[in-house]
Amino acid sequence: MISSSSRSTVAKRALRSNKNVVGRRGQSTLLRGNRRLNRAVATAVRQSTWRVPMAEYSTEQILKLRGATVDEKAKLMYDPSNEKDNCGVGLIANLKSVPSRRVIDVADEMLCRMAHRGGVGCDPCSGDGAGMMFGMPDSFMRLKAKECFGKELPPAGQYAVANVFFPPGSDTKPIMGDCKSILERLTKERGLELIGWRPVPVDNSMLGKEPLDSEPVTEQLFIGMGGKSYSQKEFEQDLLLVRKIAEAEVADMLGPESGFYVNSLTSTHITYKGQLTPEQVSQYYKDLKDPDFISHLALVHSRFSTNTFPSWERAQPIRMMCHNGEINTLRGNKNWMFSRGGIMESPIFGDDTSHLLPATSDNMSDSGNFDSVLELMTKAGASRPLPEAVMMMIPEAWQDNDNLSDTKKSFYEYNSCVMEPWDGPAMVAFTDGKYVGATLDRNGLRPSRYYVTKDDHVIVSSEIGVCNDLPDMDVVVKHRLEPGKMFLVDFEDQRIIPDDEIKEQIASQRPYGEWVKDGLLSLSQWAKDSGIKGPPMDFNLTNRKLNMFGYSSEKLDMLLLPMAVGGKEPLGSMGNDAALAVLSEKPRQVNDYFKQLFAQVTNPPIDPIREEIVMSLVCPVGPEGNLLDEPGPEHCRRLNVSHPVLSLEEMETLKNGSSKFKCAVIDTTFPVGSGPDGLLAALERICDEAADAIQGPSHGVKGVEGVVLSDKFAGPDRIAIPSLMAVGAVHHHLIGTKQRPKTAIFAEVGDCKEVHDFATIFGYGCDGVCPYMAYEAICKMNAEGMIEAKAKQEFTDEECMYNYRKAAAKGLLKVMSKMGISTLQSYKGAQVFEAVGLADEVVDRCFTGTTTRIQGTDFEGIYRDLERFHDDAFPKHKHEDQIMVRSDGQFHYRDGGEAHLNTPANMATLQIAARTNSREAYKEFSRITNEQNQKVTL
């Protein structure tokens with residue numbers, strides 16, 4: 001158990017030890033070898049002899065591979081949840097659905113010409129992944145069915161063929177038979193016809209060692225409708241259920257990383273992919289060289305596995321799409337989708353909906369998770385076509401876009417109440433057999449060009465020059481895909497549907513504008529109409545409370561004062577030489593342990609000023625509807641929060657309660673002197689109280705629509721739980737119980753004051769925060785004339801608080817833009833942070849899913865810091881009028897304050913050394929610098 005005074009020693013010991021103190025769920029500094037070694041480890045783990053029923057790669061097996069022991073409790077830096085892609089994408093299709101060999105050959109050429117977009121290992125024959133998806137090659141499959149089974153296939157659309165990966169080497173083991181038996185049993189249970197299995201001919205002579213070692217056994221499964229007479233859509237839904245249940249049963253039997261994978265199980269298309277280079281795809285799969293293999297459609301993908309391990313199953317295209325880019329909000333998207341499992345029920349599958357959930361997984365890449373949700377919405381949802389589902393998941397910028405029609409704005413506003421955007425740079429190509437298309441993210445951070453030829457072919461690619469033999473005289477149209485726009489081909493209409501037409505058509509199908517107007521409640525307007533005023537302020541205890549909540553005179557002067565005067569976040573010089581929170585001898589807030597991550601793949605940061613049109617802080621909050629249900633007015637009966645930093649009036653409006661939006665206030669304080677156990681008990685209590693309030697007092701009685709976590713009871717006898725911990729604990733508790741979509745979480749807290757505090761609390765799931773102590777501090781400074789002296793003019797308290805909220809909003813947009821995230825709705829709960837120096841017990845309890853590679857402060861250490869803050873506020877030896885706001889030297893060096901790398905002493909010795917060329921002075925400078933370095937950084 002670690003206090004502030006001993007954190008430094010523990011953290012440094014952790015870093016220097018050969019047995020590194022590690023972070024959560026398989027992340028450590030154990031694997032620091034080169035990329036080839038890391039891939040070799042991953043390949044070995046995926047061998048069939050290593051299968052264990054675990055949610056992630058087996059730590060025990062990897063430790064044995066490295067010669068370590070399980071008892072060392074070491075964890076791996078590799079985490080499958082961090083899988084990201086940066087890739088090349090393309091498609092070619094015939095508008096008239098006429099199959100030809102040309103489509104196959106051009107697709108292969110496109111893929112090979114995008115080899116530079118993919119990645120390879122040290123061995124150039126070991127690729128990160130590549131593949132092609134084709135419209136079902138009907139004539140070819142009929143030929144093979146006669147050869148293999150002696151059977152005539154049903155008409156096109158009434159049978160399905162899937163390429164199925166079985167674990168490596170399983171063709172000589174019972175495992176393959178067990179997997180087949182599961183698929184065969186499920187097929188018959190759904191009343192479908194099992195036509196047969198066909199081994200897929202392959203040539204692996206060109207593969208490198210890594211893909212060869214993990215090479216699956218690939219066979220094709222043929223399934224027909226059997227005696228059932230129903231539509232192709234119903235057939236697709238049965239096939240989805242068969243595949244999902246089979247995947248779950250095999251995962252229970254062999255583990256989720258067994259190597260069993262159904263590439264696609266559909267009547268409309270088939271996927272050939274693997275851990276290959278683009279040039280190897282058509283060489284490896286002999287089918288693709290067969291002259292009889294023809295199709296009207298092909299999607300191609302060359303994968304660059306960003307900082308992660310490649311694998312056969314993570315190659316793309318996936319089931320319905322392929323993706324170039326990165327979903328920067330992935331952790332939040334996955335958490336929200338998991339928690340929606342508590343309220344989701346498919347009108348098609350009914351009780352069988354549970355077999356389709358969870359739709360997301362840490363064992364899939366960001367693209368895999370996106371594809372899974374897209375498939376769920378289009379096949380298990382009520383009546384949303386593929387283009388509508390894509391519009392929901394990757395909406396164009398609509399909030400401040402005057403070029404959009406009111407109809408489309410209403411559609412996007414309505415669907416923002418249904419689900420959050422999957423935000424980040426993205427070029428996505430998609431198909432379901434009826435449609436094929438592509439779309440860009442709202443910022444257009446990925447390139448895409450398309451061509452339409454005279455012979456009715458369309459070509460879309462993430463680069464130019466992918467088709468060498470495409471003369472300009474054969475091209476009717478060539479253009480780039482613009483930010484937020486959609487390129488769409490409708491095979492039934494045999495034409496390209498313009499972006500405006502398809503979106504207007506979808507947006508005008510239902511009265512979205514009317515539903516939004518009647519159902520969406522504006523918090524700011526509600527507060528204004530209610531006439532409720534903020535609570536009165538008493539400045540007699542302000543200094544005490546500021547000390548209790550971690551304020552300092554520096555933060556008041558250098559952060560809050562400029563924000564209240566100018567409405568902008570103050571700027572500082574580059575670099576921070578103060579001690580990391582885990583090494584600091586001073587008490588530090590929990591927020592200080594978090595550092596925002598950077599996007600893994602290359603994308604420029606958004607300029608939140610010049611590109612204001614694509615940025616938004618507006619969020620609908622409160623109970624959600626059933627994502628899979630028919631769209632209706634009940635989905636947008638939510639509260640619309642236009643500014644996430646709430647005013648005092650807005651918070652009072654929420655607390656006072658109303659039939660419009662009922663909230664429960666939960667006290668987040670605990671008794672002074674109760675120790676770490678008191679802190680843990682308080683965390684447990686607020687989680688239980690939040691869950692109970694949402695559930696309702698009794699059966700049939702509706703619970704609250706929002707919870708307010710308030711630390712206003714903090715004082716001489718009670719300590720406030722750090723707001724970030726309180727929000728994170730409740731947020732993750734409700735995710736685990738699948739209650740999170742049923743409520744909004746608001747925070748009325750004293751310790752949120754600067755932009756980083758707001759960014760972290762929103763990043764861990766808060767829907768709105770009222771920083772009442774920041775407001776009180778600003779009003780006190782205004783009453784004392786400090787703001788007038790700074791601004792050379794008078795401000796009312798309302799103007800000061802308005803400026804402060806404005807500055808906080810601008811700061812939030814700036815922080816979001818660095819991650820390539822455009823909307824707060826996507827940023828909220830996305831957890832785009834790494835904890836530096838927090839113990840696993842804290843992260844697992846309050847910040848589940850956050851990376852923490854270096855151990856450090858645990859619950860006892862956090863409690864000791866809170867105790868020291870409280871002692872600064874209510875010392876027993878000082879009278880009330882003697883309390884001053886502490887100055888901890890966080891920004892400026894202060895004797896006895898926070899440690900800094902640069903001190904007056906080492907600056908003086910450096911100047912002496914430079915001016916006199918004194919070796920002794922430079923040695924003294926080096927000694928002082930090294931000593932300070934030990935105190936401030938790892």
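In which loop is the place of Gln831? In this predicted model, Gln831 is found in the loop between helix H26 (824–827) and strand E27 (833–835), where helices (H or I, at least four residues) and strands (E, at least two) are DSSP runs numbered from the N terminus. Residues are numbered from 1 along each chain as its sequence is written, and side-chain values use heavy atoms, with hydrogens and water left out. Because the model is predicted, local features need pLDDT of at least 70 and side-chain atom pairs count only at pLDDT 80 or more, while totals for chains, interfaces and linings use all residues.

Backbone geometry is described before side-chain contacts. Most residues other than glycine have a negative phi, and most peptide bonds are trans. Gln831, although not a glycine, has a positive phi of about 55 degrees, and with a relative accessibility of 5% this residue counts as buried, a class that means under 20% relative accessible area, with exposed over 50% and partly exposed in between (1.4 Å probe, protein chains only). Lys738 also has a positive phi, near 60 degrees, in a residue other than glycine; Lys738 is placed in the loop between helix H21 (723–736) and E25 and is partly exposed at 29% relative accessibility. A cis peptide bond with omega of about 5 degrees joins Gln316 and Pro317, and Pro317 belongs to the loop between strand E8 (297–302) and strand E9 (321–325). The peptide bond from Leu357 to Pro358 is likewise cis, with omega near -5 degrees, and Pro358 is located in the loop between helix H10 (330–339) and helix H11 (366–379).

Among the helices, H8 (residues 232–254) comprises 23 residues and reaches 32 Å from its first C-alpha to its last, close to the 33 Å expected at 1.5 Å a residue, the expected span being 1.5 Å times one less than the number of residues. H8 is followed by Gly255, for which phi is positive and near 100 degrees. The end C-alpha atoms of helix H23 (residues 772–783) are 16 Å apart, in agreement with the 16 Å that its twelve residues should span. Eleven of the twelve residues of H23 are buried, so this helix is largely enclosed by the rest of the structure; the buried residues include Tyr772, Glu776 and Lys780. Just after H23, Gly785 takes a positive phi of about 85 degrees. In helix H12 (residues 386–393), Ala389 is buried at 0% relative accessibility, and its C-alpha atom is separated by 9.9 Å from that of Asn415, 26 residues apart along the chain.

The structure holds 63 salt bridges, each defined as a side-chain nitrogen of Lys or Arg within 4 Å of a carboxyl oxygen of Asp or Glu. Arg510 lies in the loop between helix H14 (499–507) and helix H15 (512–519) and Glu630 in the loop between E19 and E20, so the pair ties together parts that are 120 residues apart in sequence. Arg510 is buried at 14% relative accessibility, whereas Glu630 is partly exposed at 36%. A salt bridge also joins the side chains of Lys655 and Glu748 (3.1 Å, N to O), linking distant parts of the chain, with Lys655 in helix H19 (residues 648–656) and Glu748 in strand E25 (residues 744–749), 93 residues apart. Lys655 is partly exposed, with a relative accessible area of 24%, while Glu748 is buried at 1%. In the salt bridge between Asp757 and Lys753 (4.0 Å, N to O), Asp757 is buried at 1% and Lys753 is buried at 0%. Glu236, Arg243, Glu247, Arg319, Glu375 and Lys379 are linked in a network of salt bridges.

Two surface patches complete the description. Patches are made of residues with over 30% relative accessible area and no salt bridge, with like charges joined within 9 Å and nonpolar side chains (Val, Leu, Ile, Met, Phe, Trp, Tyr) within 5 Å; accessible areas come from the Shrake-Rupley method with a 1.4 Å probe. Met907, Leu910 and Tyr922 make a nonpolar surface patch of about 250 Å², in which Tyr922, from helix H30 (residues 919–936), is partly exposed at 45%. A negative surface patch is formed by Glu345, Asp351, Asp629 and Glu634, and Asp629 is situated in the loop between strand E19 (619–621) and strand E20 (639–641).

Technical notes: Lys and Arg count as positive and Asp and Glu as negative; His and the chain ends are not counted. The place of a charge is taken as NZ of Lys, CZ of Arg, CG of Asp or CD of Glu.
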